[in-house]
Amino acid sequence: LAGICLALLGHSMAEANSKERAATTISGLGQKAFLLMAGQQYEKAIPLLQEAISKAEGAQDHGQAVRLRNNLGSCYFALLNLPEATRQYQMALAGARQQKFGDLETAAAYSMASLHLSSGQHRQAQEMLSQYPLDGST
């Protein structure tokens with residue numbers, strides 16, 4: 001009986017360690033941050049996104065880095081830190097352009113346009129949106 005209990009305890013501990021490792025992976029960090037964002041806990045999501053971006057860049061996972069950076073910009077936007085939101089969106093847009101990720105480029109451009117609109121910068125928003133028509137003709 002003691003052997004069975006020890007085996008079950010060992011299995012439970014291994015499972016807990018496995019879950020903890022998964023939470024530190026790029027996608028695990030991103031998923032946790034996304035859930036925090038959905039709950040409007042942007043301050044808690046920011047360090048997770050920053051860590052995930054660092055890991056994605058280290059792993060040369062450019063698509064994931066762009067997605068995460070766009071989400072990071074959205075956190076700063078929601079917290080009304082518009083200069084940092086702008087910086088993150090610009091970095092996401094540049095990364096997507098450099099890697100030729102058209103869908104991610106469009107997403108970053110629309111995020112940037114939203115920021116421009118909320119700041120009353122209608123001309124800049126219009127210029128951004130005119131580069132990325134919804135009909136996919138870019």
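Guide: Let me start with a definition: contact means heavy atoms within 4.5 Å. Among contacts in the chain between residues at least 6 apart in sequence, 43% join residues at least 24 apart. This is a predicted model, where local features need pLDDT of at least 70 and side-chain atom pairs count only at pLDDT 80 or more, while totals for chains, interfaces and linings use all residues. Residues are numbered from 1 along each chain as its sequence is written, and side-chain values use heavy atoms, with hydrogens and water left out.

Visitor: What makes up the secondary structure of the chain?
Guide: Seven helices and zero strands. Helices (H or I, at least four residues) and strands (E, at least two) are DSSP runs, numbered from the N terminus. The order from that end is α-α-α-α-α-α-α.

Visitor: Why is H2 called roughly antiparallel to H3?
Guide: Helix H2 (residues 26-38) and helix H3 (residues 42-58) pack at an angle of about 160°, with their axes 8 Å apart. Axes are lines fitted to C-alpha atoms, for helices over the stretch in contact, and angles run from 0 to 180 degrees between N-to-C directions. Angles under 35 degrees count as roughly parallel, over 145 as roughly antiparallel, 65 to 115 as roughly perpendicular and the rest as oblique. The angle is therefore in the roughly antiparallel class.

Visitor: Which residues of H2 and H3 meet?
Guide: From H2 they include Ile26, Leu29 and Leu36, and from H3 they include Tyr42, Leu48 and Lys55. By class, this contact has 11 nonpolar, one polar and four charged residues. Here Ala, Val, Leu, Ile, Met, Phe, Trp, Tyr, Cys and Pro count as nonpolar, Asp, Glu, Lys and Arg as charged, and the others, Gly among them, as polar.

Visitor: How do you know whether Arg69 is buried or exposed?
Guide: Buried means under 20% relative accessible area, exposed over 50%, partly exposed in between (1.4 Å probe, protein chains only). Arg69 has 10% relative accessibility, so this residue counts as buried. Arg69 is found in helix H4 (residues 62-78). Leaving aside residues up to four places away in sequence, Arg69 touches Ile53, Glu57, Gln88, Met91 and Ala92. Of the 138 residues of the chain, 35% count as buried.

Visitor: And what makes Gln98 buried or exposed?
Guide: Gln98 reaches 62% relative accessibility, so Gln98 counts as exposed. Gln98 lies in helix H5 (residues 82-99). Gln98 and His62 are 36 residues apart in sequence and 9.6 Å apart in space, C-alpha to C-alpha.
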